[in-house]
Amino acid sequence: MRGGVSLATADLTVGMIIALAYRLVDADRYTRAGHFKQEQTLALMGVGCPEKTVGLIGLGAVAQYMVPRLRALEMKIIYTKRNRLPLAQEDELGVEWTPHLDDVLRRSDFVCVACDYNPSTHQLIGMREFALMRPTAYFINTARGRIVDEPEMIRVLQNGTIAGAALDVYWNEPPETHDPHVPDALCKMDNVILAPHNGGATWTVRGTRMASVARNMIRVMNDERPPGLLNPEIYE
């Protein structure tokens, strides 16, 4: 299946950007509370998407699926990555590279974490990095929770250092911990959108994964070696 989890996660991330830009979750709460006035309120003014800058921390499979969707929204895209893409690929995608994470943080209206989690990215984003962002900027993380210092992120969201956030991943979730937990402080904030690590949650993606598991179980029962085996020593 084209894209699989990467494509589904890209779509979720872009959806979060749109939701923040147009305050869709706020608008839902506002309307449900009986405040509907049909364009007669300034309580739900959003920043919108056209001409805004999205800063991508990383440009792997997920982010590369995001790029054409963001460009369709008339957004400018900058990215930082340890290994820069070839110039021809940058031109094709329509993205601008900067070697400095600080530059992405300062220039972006929406900062998206789109890199792998490893020792070099552990707590990559903390108080210093959030302080570089614009007070009108939004932070989106659909990569891994431990790339971000979660308590410091909570503090900057509480004190208005940044405008808000959208999160699909958290510090306390598998495989790092066995007890998934979202801090109460995040759950109480109106300027934060929360999702339950839902990036690949489509019928097509999950169905394809389950079918793959079933096929591999049959291979094992038939004493065949399944592809992608993580412990090949059992066959040695």
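This is a predicted model: local features need pLDDT of at least 70, side-chain atom pairs count only at pLDDT 80 or more; totals for chains, interfaces and linings use all residues.

## A cis peptide bond in a loop

Pro175 is found in the loop that runs between strand E6 (164-167) and helix H8 (184-187). The peptide bond joining Pro174 and Pro175 is cis, with an omega of about 5 degrees. Most peptide bonds are trans, and most residues other than glycine have a negative phi.

## Positive phi values

Arg23, although it is not a glycine, has a positive phi of about 55 degrees, and this residue lies in the loop between helix H1 (4-22) and helix H2 (24-32). With a relative accessibility of 23%, Arg23 counts as partly exposed, because that value falls between the limits of 20% for buried and 50% for exposed.

Gln123, likewise a residue other than glycine, has a positive phi, near 50 degrees, and it is placed in the loop between strand E4 (110-113) and helix H6 (127-132). The relative accessible area of Gln123 is 36%, so this residue is partly exposed.

## Packing of H1 against H3

The axes of H1 and helix H3 (residues 61-72) come within 8 Å and cross at roughly 50 degrees, which means that H1 is oblique to H3. The crossing of these two helices, H1 and H3, is right-handed.

On the H1 side, the contact is made by Ser6, Leu7, Thr9, Ala10, Asp11, Thr13, Val14 and Ile17, while H3 contributes Ala61, Val62, Tyr65, Met66, Arg69 and Leu70.

Terms used:
Residues are numbered from 1 along each chain as its sequence is written. Side-chain values use heavy atoms; hydrogens and water are left out. Helices (H or I, at least four residues) and strands (E, at least two) are DSSP runs, numbered from the N terminus. Buried means under 20% relative accessible area, exposed over 50%, partly exposed in between (1.4 Å probe, protein chains only). Axes are lines fitted to C-alpha atoms, for helices over the stretch in contact, and angles run from 0 to 180 degrees between N-to-C directions. Angles under 35 degrees count as roughly parallel, over 145 as roughly antiparallel, 65 to 115 as roughly perpendicular and the rest as oblique. A crossing is left-handed if the near helix is turned anticlockwise from the far one by less than a right angle, and right-handed if clockwise. Contact means heavy atoms within 4.5 Å.
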